[in-house]
Amino acid sequence: MMDDPNTLVVDMRNRYESEVGHFENALCPEAETFKELLPLAAGMLSGQEDKKILLYCTGGIRCEKAGAFLQKKGFPHVFQLEGGIINYALQVREQQLPSRFLGKNFVFDERLGERIGEEIISACHQCGKPSDRHVNCANQKCHELFIQCTSCAEQYQGCCKPDCVSSNIQLIY
């Protein structure tokens with residue numbers, strides 16, 4: 001379906017998830033939350049109601065809701081990747097298939113990412129060097145999720161900005 005020029009592939013995950021990994025040529029709305037994502041995706045697709053829409057997300061749950069939302073908005077041909085990226089990656093490994101997913105799949109456990117493609121498609125938010133290493137700021141008052149390379153982690157003691165390093169807050173680095 002991805003090879004069909006009449007198909008649009010849409011990432012139904014938040015910006016920080018698609019930043020480190022997504023399918024080739026996917027539309028990736030720049031949303032911080034799922035609530036923001038639905039109207040953004042509908043807006044991006046506006047005027048293309050005749051196309052097939054292929055949705056994907058981490059495990060498939062968000063696509064269920066997004067698919068129903070888009071159908072109500074006038075998109076009759078909405079499909080989803082069954083089992084999401086997790087199931088896709090499993091099938092690619094088990095069947096030794098070429099992967100069309102670039103980079104990492106963001107996961108919601110202590111790993112914060114599962115490598116699927118070998119590419120690093122994102123950059124350290126501090127120095128701009130290639131990195132797909134998500135961390136939470138070591139300053140507990142901040143705790144912002146961001147991408148940080150190992151060099152910047154050392155330089156900034158695991159913090160997202162110099163203010164977080166210099167504050168009197170206990171760091172969890």
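Trainee: How many aromatic pairs does the structure hold?

Mentor: In this predicted model, the structure holds five aromatic pairs. One of them joins Phe 23 and Phe 101 in an edge-to-face arrangement, with 5.1 Å from centre to centre and 90° between the planes.

Trainee: Are Phe 23 and Phe 101 buried or exposed?

Mentor: The general idea is to compare the relative accessible area with a cut-off, because a residue counts as buried under 20% and as exposed over 50%. Phe 23 has a relative accessible area of 2% and is therefore buried, and Phe 101, at 1% relative accessibility, counts as buried as well.

Trainee: How should I read the pair of Phe 106 and Phe 108?

Mentor: Phe 106 and Phe 108 also form an edge-to-face pair, with 5.0 Å from centre to centre and 75° between the planes.

Trainee: Which residues do ring pairs link into a cluster?

Mentor: The cluster consists of Phe 23, Tyr 56, Tyr 88 and Phe 101, which are linked by ring pairs.

Trainee: How many salt bridges does a search of the whole structure find?

Mentor: The search finds eleven salt bridges. In one of these, the side chains of Arg 15 and Glu 19 meet with 3.1 Å from N to O, and Glu 19 is partly exposed, its relative accessible area being 24%.

Trainee: Which residue forms a salt bridge with Arg 62, and where do the two partners lie?

Mentor: Arg 62 forms a salt bridge with Glu 17, and their closest N and O atoms are 2.8 Å apart. This pair links distant parts of the chain, given that Arg 62 is in helix α3 and Glu 17 is in helix α1 (residues 15–18), 45 residues apart. Arg 62 counts as buried at 17% relative accessibility, and Glu 17 is buried with a relative accessible area of 0%.

Trainee: What do Glu 114 and Arg 93 tie together?

Mentor: The side chains of Glu 114 and Arg 93 meet in a salt bridge of 3.9 Å from N to O. Glu 114 lies in strand β6 (residues 114–115) and Arg 93 in helix α4 (residues 84–95), so this pair ties together parts that are 21 residues apart in sequence. Arg 93 is partly exposed, with a relative accessible area of 47%.

Trainee: Which residues are linked in a network of salt bridges?

Mentor: That network links Asp 3, Glu 24 and Arg 100.

Trainee: What is the order of the strands in the open sheet?

Mentor: In general, strands of a sheet pair through backbone hydrogen bonds, either parallel or antiparallel. Here, an open sheet of three strands has the order β1-β3-β4, with parallel pairing. Because β1 (7–11) and β4 (78–80) stand at the edges with a single partner strand each, one side of each is left without a neighbour in the sheet.

Trainee: How many bridges join β1 to β3?

Mentor: Five bridges join β1 to β3 (residues 52–56), and the two strands run parallel. Within this pairing, Leu 8 stands opposite Ile 53 in β3. Helix α3 (residues 61–72) lies across β3 and β4, and runs at about 155° to β3.

Notes
Residues numbered from 1 in each chain as written. Predicted model: local features only at pLDDT ≥ 70, side-chain atom pairs only at ≥ 80, totals over all residues. Heavy atoms only, no water. Pairing = 2+ DSSP bridges. Helix = DSSP H or I, 4+ residues; strand = E, 2+ residues; numbered from the N terminus. Contact = heavy atoms within 4.5 Å. Axes fitted to C-alpha atoms, helices over the stretch in contact; angles between N-to-C directions. Salt bridge = Lys/Arg side-chain N within 4 Å of Asp/Glu carboxyl O. Buried < 20%, exposed > 50% of the residue type's maximum accessible area, 1.4 Å probe, protein only. Phe/Tyr/Trp six-rings, centres within 6.5 Å; stacked < 30°, edge-to-face > 60°.
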